[in-house]
Amino acid sequence: MMITCTNLKKSFGDKQVLKDINLSVAKGSIVGLLGPSGAGKTTIIKILTGQLSYDSGSVRVFDKEASKLTGEDKKRFGIMMDRFGLYDRLTCVDNLKIFADIYGIKHIRIKETLDEVGLKDDYKKLAANLSKGMRARLQLARVFMHSPEIIFLDEPTAGLDPQSMRAIHRIILKKKQEGCTIFLTTHNMEEAHKLCDNIFLLNEGKIVEQGTPEDICRRYNVNKRIKLHLTNGRDLELSQESTDTAREVFELLNKGEISTIHSTEPTLETVFLELTGKALEEGA
Amino acid sequence: MRNIIVIIKKQLQDTFKNKTILIQFVMFPLLTIVMENAVNIEGMEPLFFTKLFSTMFMGMAPLTATAGIIAEEKEKDTLRVLMMANVKPWQYLIGIATYVWTICMIGAGVMSTTIPSSLVKTSSAQISESAVASYLSIMAIGFVISTLAGAAIGVFAKNQMTATSLTVPVMLILSFAPMLSMFNDKIEKVARAFFTQQLKITLDEMALASVNATNAVIIAANAVLFTALFVFAYQRKGLE
């Protein structure tokens, strides 16, 4: 395991923000921490990366206590926090040069990295003149330029348009294929479903559910129903467990009255709603 | 050492595109050259503008530049990104301070071209020294203390707006008090408490050896005060 958290607790003053967090991240996997704003996602990333201390429990990264990670260990991370943190007055290439020099990477790697994130032709553009999606890609380029073993991404696609989001997803999946372990936080359940091998649902500092996205959805698929959209514009929802359903559907099919037919498995969003009584994007 | 050099290089690149900071470094050296060459009033003290603008330069440029740079990096989260890339806080602070001090010394070097290189000053202690060397030494001391004050404000402030609101009054006192004290005795008495006024007195003589015990104690007390403020700010806020 690359990361293991056992009974992790953290308080800010009187307020306990993390309550007995248990999670583990396998090498080469993408693990998502899903929860609304204020659930404790960023706090967990800060603890895992040694930016924040914790009150009790155990946090092990690279098989070492997170609080004892050295500077060399931290060079094995790539961290993208929710704010951009770019030098606006510098060009894309100059932004990356700073970090190439800090990590002792040859400058040839900068061009390769910019190419990987699709900013090859924009290398001379000032960071201030980039679109939000391009800024996110530049930040991602900085994160993986030094080939880290674990990449921490805090809401990597928050506020981005669908096209930029897809571009970021492609980059993340490519890094996974290259063997990188990725730990990301998001409140976008579609993103989690698409990218993550394993997810943890976090609410008010507590992990309320965990597993693969498919497993979680299957686990909560108690009201098995099918949804029909009829040619006359009407929607119909039928229970899969009723003996009449098959007959009813057959009749409608025969009459050619069915336009679309879907099974209605719960989504991560509905599971989260069922578990916590609130939507993932609430307050986000 | 590598990280300190990276910070200095980054800051150099950034300054050329940052007019707010750039103007701090360029304005007083340029004004000095122009005024010393353009204005020639009979009976005016020699090197009047060099001495006047030098005091203002040391009280203004390092203070505002250091505070502004640190506060901007905090506000835009670039400082956090540097820390996460394993740049140590002390490496960052030394990098910024070295950069600001060096740029200011280059400015002082430009201003010192108004001083005749053959000018040798003999202090009351009968020590003869080159006026240019003395001038640069005095400026170097002033820049160190002013940079410390700027670092204290930059570390304490959460963002650029807070930094500006803290920097402006300090800058006005440090840089304008010595100028106003030329016209008003009461202001002069108050201004004596500040290192800029003490260094202005030394600049008037253009000899480092003219520093007496009182001057030295006040300058040292200012340095200790701003160091203490910096330590206090750093312990309370760190570089978060």
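A: Axes are lines fitted to C-alpha atoms, for helices over the stretch in contact, and angles run from 0 to 180 degrees between N-to-C directions. With that in hand, one may turn to this structure, which is a predicted model.

Q: How is the crossing angle of helix α3 of chain A and α1(B) to be read, and within what distance do their axes come?

A: The axes of α3(A), residues 92–103, and α1(B) come within 9 Å and cross at roughly 170°. Angles over 145 degrees count as roughly antiparallel, and α3(A) is therefore roughly antiparallel to α1(B). The crossing of these two helices, α3(A) and α1(B), is right-handed.

Q: Which residues meet where α3(A) faces α1(B)?

A: From α3(A) come A:Asp94, A:Ile98, A:Asp101 and A:Ile102, and they meet B:Asn3, B:Val6, B:Lys10 and B:Gln13 of α1(B). Sorted by class, this contact has 3 nonpolar, 2 polar and 3 charged residues.

Q: How many residues of chain B and of chain A are in contact?

A: The contact joins 16 residues of chain B to 17 residues of chain A. On the chain B side, α1 (2–15) and α4 (78–84) each supply at least two residues. The largest share of that side, 5 residues, comes from α1(B). By class, the side of chain B that touches chain A divides into 5 nonpolar, 5 polar and 6 charged residues.

Q: What is the crossing of α7 and α9 within chain B?

A: Helix α7(B), residues 160–180, and helix α9(B), residues 195–205, have axes that come within 8 Å and cross at roughly 40°. The two helices, α7(B) and α9(B), are therefore oblique to each other. Their crossing is right-handed. In this contact B:Leu174, B:Ser175, B:Ala177 and B:Pro178 of α7(B) meet B:Thr196, B:Gln197 and B:Lys200 of α9(B). The residues of the contact divide into 3 nonpolar, 3 polar and 1 charged.

Q: Let us turn to sheets. In which senses can strands pair?

A: Strands of a sheet pair through backbone hydrogen bonds, either parallel or antiparallel. Chain A has an open sheet of 6 strands with mixed pairing, in the order β6-β7-β8-β3-β9-β10. At its edges stand β6 (77–80) and β10 (206–211) of chain A; each has a single partner strand, so one side of each is left without a neighbour in the sheet. On average, neighbouring strands of this sheet are turned by 15° against each other, direction ignored.

Q: Where in this sheet do strands pair in the parallel sense, and where in the antiparallel sense?

A: A parallel case is that of β3(A), residues 30–34, and β9(A), residues 198–203, which pair over 4 bridges. Here A:Val31 stands opposite A:Asn198 in β9(A). An antiparallel case is that of β9(A) and β10(A), which pair over 5 bridges. In β10(A), A:Ile207 is the bridge partner of A:Leu202. The hairpin of β9(A) and β10(A) has 2 residues between the strands, and in this hairpin A:Glu204 takes a positive phi near 45°.

Q: What is the order of the open sheet of 3 strands in chain A?

A: Its order is β12-β11-β13, with antiparallel pairing. The edge strands are β12 (235–239) and β13 (258–263) of chain A, each pairing on one side only. Neighbouring strands here are turned by 20° against each other on average, direction ignored. Strand β11(A), residues 225–230, pairs with β12(A) over 5 bridges in the antiparallel sense, and A:Arg225 stands opposite A:Ser239 in β12(A). Helix α9(A), residues 244–255, packs on this sheet and touches β11, β12 and β13 of chain A.

Q: Into which domains is chain A divided?

A: Chain A is divided into domain 1 (3–76 + 148–212) and domain 2 (222–264). Taken over C-alpha atoms, the centres of these two domains of chain A are separated by 40 Å.

Definitions and conventions
Residues are numbered from 1 along each chain as its sequence is written. Chains are lettered from A and ligands numbered from 1 in the order in which they are written. This is a predicted model: local features need pLDDT of at least 70, side-chain atom pairs count only at pLDDT 80 or more; totals for chains, interfaces and linings use all residues. Two residues are in contact if their C-beta atoms, placed from the backbone, lie within 7 Å. Ala, Val, Leu, Ile, Met, Phe, Trp, Tyr, Cys and Pro count as nonpolar, Asp, Glu, Lys and Arg as charged, and the others, Gly among them, as polar. Two strands pair if DSSP finds at least two bridges between them. Domain bounds come from an automatic or database domain assignment. Angles under 35 degrees count as roughly parallel, over 145 as roughly antiparallel, 65 to 115 as roughly perpendicular and the rest as oblique. A crossing is left-handed if the near helix is turned anticlockwise from the far one by less than a right angle, and right-handed if clockwise.
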